[in-house]
Amino acid sequence: MIIITGASSGVGLQLAKCYKDAGKQVVNISLQKSEYADHNIVLNLREGPEIEKAAHLVQELDGQIEAVINCIGVYNGQKFGEITEAEVKKVMSTNVKAPLLLISLLLDRIKHDKADILNVVSTAGTVGKKENPLYTASKWAERGLTMSLQEELKNTSCRVISFCPGGIRTNFSEKALGYDASEEDWMRPEDVAMFIKQILDLPKNMEVSEVIINRK
Ligand SMILES: NC(=O)c1ccc[n+]([C@@H]2O[C@H](COP(=O)([O-])OP(=O)(O)OC[C@H]3O[C@@H](n4cnc5c(N)ncnc54)[C@H](OP(=O)(O)O)[C@@H]3O)[C@@H](O)[C@H]2O)c1
């Protein structure tokens with residue numbers, strides 16, 4: 001069983017397709033249903049009680065969790081001088097609180113099932129950016145929580161992967177900005193999903209702790 005947050009669109013949707021094609025049970029936790037998921041947990045993971053509800057519903061599922069893949073995320077293009085508290089709450093709740101709290105609530109089950117965790121961060125979590133400082137801060141935080149999980153799960157069979165891609169051609173920026181800011185040469189979500197699956201398919205004694213992947 002593969003748990004994917006944000007499998008209703010973009011990279012998460014393509015991952016759900018990859019795993020469905022491979023015969024795995026796919027669980028989507030997102031704002032909307034995923035056409036490839038066997039189980040859809042439709043909740044707003046920005047809200048603490050809904051994260052708790054999602055964790056509870058996952059706990060009730062039979063079967064071994066092989067991986068939890070966090071694709072959930074929202075973009076924000078506010079620059080310094082424009083940033084609003086409402087957007088700080090939205091971006092930090094979605095990009096940081098949701099994966100942090102969900103994994104924390106599921107940690108015993110993750111350890112028991114020897115499940116892997118892969119967080120889709122961003123290259124924005126590895127550099128400073130004046131174009132989108134709030135989004136960048138959220139991705140540094142998500143990368144930090146991934147590193148802390150690596151420490152937490154060091155002596156277990158669970159692998160923890162920090163996956164930091166550059167631009168991917170999804171509706172991600174359009175949802176936030178109202179127009180498509182992606183470019184022709186950005187990576188295809190199906191290629192990114194295939195690569196994530198290849199990383200997780202490696203033998204369990206091989207942990208790719210961090211991937212930084214840029215478009216060429
Ligand atoms: N696209 C890029 O250029 C790019 C580059 C680097 C990193 N990333 C990262 O890659 C990840 C996936 O992004 P993507 O490009 O595939 O964008 P996407 O298609 O917008 O995927 C984001 C997913 O998160 C879900 N989501 C958003 N807010 C939620 C909430 N409050 N509760 C539950 N689910 C919520 C979305 O649901 P809905 O379908 O309902 O909106 C969607 O399924 C993100 O973490 C993003 O930061 C993207």
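Mentor: Happy to! A residue counts as buried if 20 or more other C-beta atoms lie within 10 Å of its own, as exposed if 12 or fewer do, and as partly exposed in between, with C-beta atoms placed from the backbone. By that count, buried residues make up 43% of the 216 residues in the protein. Keep in mind that this is a predicted model, where local features need pLDDT of at least 70, side-chain atom pairs count only at pLDDT 80 or more, and totals for chains, interfaces and linings use all residues. Numbering starts from 1 along each chain as its sequence is written.

The protein has 6 helices and 7 strands, taken as DSSP runs numbered from the N terminus (helices: H or I, at least four residues; strands: E, at least two). Along the sequence they follow the pattern β-α-β-β-α-β-α-β-α-β-α-α-β. The radius of gyration, over C-alpha atoms, is 16 Å, close to the 17 Å of the globule rule (2.2 Å times the number of residues to the power 0.38), so the protein is as compact as a globular protein of 216 residues. Two residues are in contact if their C-beta atoms, placed from the backbone, lie within 7 Å. Of the contacts with a separation of 6 or more, 64% join residues 24 or more positions apart.

Now step inside. A nonpolar core is a set of buried Ala, Val, Leu, Ile, Met, Phe, Trp, Tyr and Cys residues joined through C-beta atoms within 7 Å. The largest one has 52 residues, and I4, L15, V27 and V68 have the most contacts inside it. Helix α3 gives the most to this core, with 6 residues. Take I4: beyond its neighbours within four places in sequence, I4 is in contact with residues including L15, V27, I69 and C71.

L134 and A137 bring us to helix α4, where both are buried, as are Y135, T136, S138, K139, E142, R143, L145, T146 and L149. The buried residues of α4 pack against α3 (85–113), β5 (116–120) and β6 (160–165).
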